[in-house]
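Please keep the sequence and the structure in view while reading.

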Amino acid sequence: MSVITIDQASRWYGNVVAVNGISMTVRPGVTGLLGPNGAGKTTLIALMSGFVAPSAGTVTLDGEPIWRHTDAYRTIGLVPERELSFGYLTGRQFVLANAELHGLADPGAAAERALEVVEMTEPAGRRIGTYSKGMRQRVKLASALVHDPSVLLLDEPFNGVDPRQRLHLMSLLRRMGAEGRTVLFSSHILEEVEQVARQIEVMVSGRHAASGDFGQIRRLMTDRPVQYVVVGDDDRALAGALIAEPSVVAVALRRAGGVDVSVSDFGAFTVRLPQVARQHGIRILELTPTDESLESVFAYLVGG
Ligand SMILES: Nc1ncnc2c1ncn2[C@@H]1O[C@H](COP(=O)(O)OP(=O)(O)OP(=O)(O)O)[C@@H](O)[C@H]1O
């Protein structure tokens with residue numbers, strides 16, 4: 001069982017601060033590192049895998065600093081975001097080369113075992129250049145697993161992977177976590193993180209913006225001002241009734257039909273909307289959130 005502890009860690013490149021005073025603990029099981037592009041996820045993963053040194057603060061594995069610590073490297077497997085540039089090698093050759101680099105006693109057996117875990121034994125004799133995106137991800141995962149690490153770090157592993165392969169990868173990560181490995185993966189998609197991770201850490205603009213299980217993060221993201229379009233069978237009456245609600249901060253009739261509603265208290269609004277409609281004899285035909293993009297959620301978290 002391995003634990004990564006990040007304590008007030010920062011990393012800057014010239015005057016760009018990629019990671020800014022982050023403290024978090026990554027324990028066995030699956031953790032999702034959620035944040036928009038450029039949030040510093042790749043840099044934080046590089047700090048955790050010992051690829052870059054913190055400019056300030058510490059990053060430790062079971063109490064030992066990771067940077068320049070060979071034993072830590074033997075415990076960590078990294079699946080980087082970048083594409084494999086070894087298209088001319090077969091999957092098997094690539095995984096075997098990694099097994100040899102680790103100086104394993106029986107690299108051949110280790111490579112076969114890792115290929116089997118990711119279900120790539122059959123296509124392993126083909127060149128990587130002929131693989132689909134999902135297959136390339138699985139080969140990267142096999143090479144990260146070849147030395148049986150207790151920590152597995154994956155940078156955007158689901159990017160560009162088709163839905164079937166995505167489900168396969170998700171169940172693999174869940175299994176790794178259930179086996180007691182410390183698994184952390186980054187993503188900019190909340191739904192993706194929710195499906196796999198027990199613990200979610202949110203990063204925005206280099207900072208640690210939130211931490212919790214998916215229920216807590218979901219609540220945090222929904223307890224924020226939200227915009228809706230509500231369409232009823234009498235929009236003017238609906239607008240009049242809604243503006244009297246304390247959970248509503250603004251209403252506007254839309255030219256195309258329906259009412260734009262700004263809501264300050266999402267929970268109260270969802271309870272009150274059907275009650276208000278019933279009281280005024282209005283039928284609600286449609287209710288659509290209009291600013292559910294993750295960017296607006298992140299903007300709220302940073303501001304808040
Ligand atoms: N080697 C580097 N030299 C200079 N700036 C860098 C370097 N690596 C990262 N940065 C900068 O640090 C910030 C965080 O980048 P990082 O790649 O860690 O974010 P990210 O959350 O992984 O984003 P993405 O998902 O787009 O890769 C960005 O502003 C980036 O331009």
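What distance separates the centres of domain 1 and domain 2, taken over C-alpha atoms? The separation is 40 Å. The assignment divides the chain into domain 1 (4-220) and domain 2 (223-303); such bounds come from an automatic or database domain assignment. The model is predicted: local features need pLDDT of at least 70, side-chain atom pairs count only at pLDDT 80 or more, and totals for chains, interfaces and linings use all residues. Residues are numbered from 1 along each chain as its sequence is written.

Helices (H or I, at least four residues) and strands (E, at least two) are DSSP runs, numbered from the N terminus. Two strands are said to pair if DSSP finds at least two bridges between them. An open sheet of four strands has the order E2-E1-E4-E5, with antiparallel pairing. Its edge strands are E2 and strand E5 (64-65), each of which pairs on one side only. Within this sheet, strand E1 (residues 4-13) and strand E4 (residues 56-61) are joined antiparallel over five bridges, and Ile-6 stands opposite Val-59 in E4. Helix H1 packs on the sheet and touches E1, E2 and E4, where contact requires C-beta atoms, placed from the backbone, within 7 Å. The direction of H1 makes about 55 degrees with that of E2; axes are lines fitted to C-alpha atoms, for helices over the stretch in contact, and angles run from 0 to 180 degrees between N-to-C directions.

The residues around the ligand, each with its C-beta atom, placed from the backbone, within 6 Å of it, include Tyr-13, Val-16, Asn-37, Lys-41 and Thr-42.

A residue is buried if 20 or more other C-beta atoms, placed from the backbone, lie within 10 Å of its own, exposed if 12 or fewer, and partly exposed in between. E6 pairs in the parallel sense with strand E7 (residues 151-154) over four bridges, and the bridge partner of Gly-77 in E7 is Leu-152. In helix H3 (residues 91-101), the buried residues include Phe-94, Val-95 and Leu-96. Helix H4 (107-117) and helix H5 (133-145) are among what covers the buried residues of H3.

Most residues other than glycine have a negative phi. Glu-119, in the loop between H4 and H5, has a positive phi of about 55 degrees. This residue is partly exposed, with 13 other C-beta atoms within 10 Å. Ser-205, in the loop between strand E9 (199-204) and strand E10 (207-212), has a positive phi near 50 degrees.

A further open sheet has four strands in the order E12-E13-E11-E14, with antiparallel pairing. Strand E12 (248-253) and strand E14 (284-289) stand at the edges with a single partner strand each, so one side of each lacks a neighbour in the sheet. Neighbouring strands of this sheet are turned by 20 degrees against each other on average, direction ignored. Helix H9 (residues 235-243) packs on the sheet, touching E11, E12 and E13.

Terms used. Contact = placed C-beta atoms within 7 Å.
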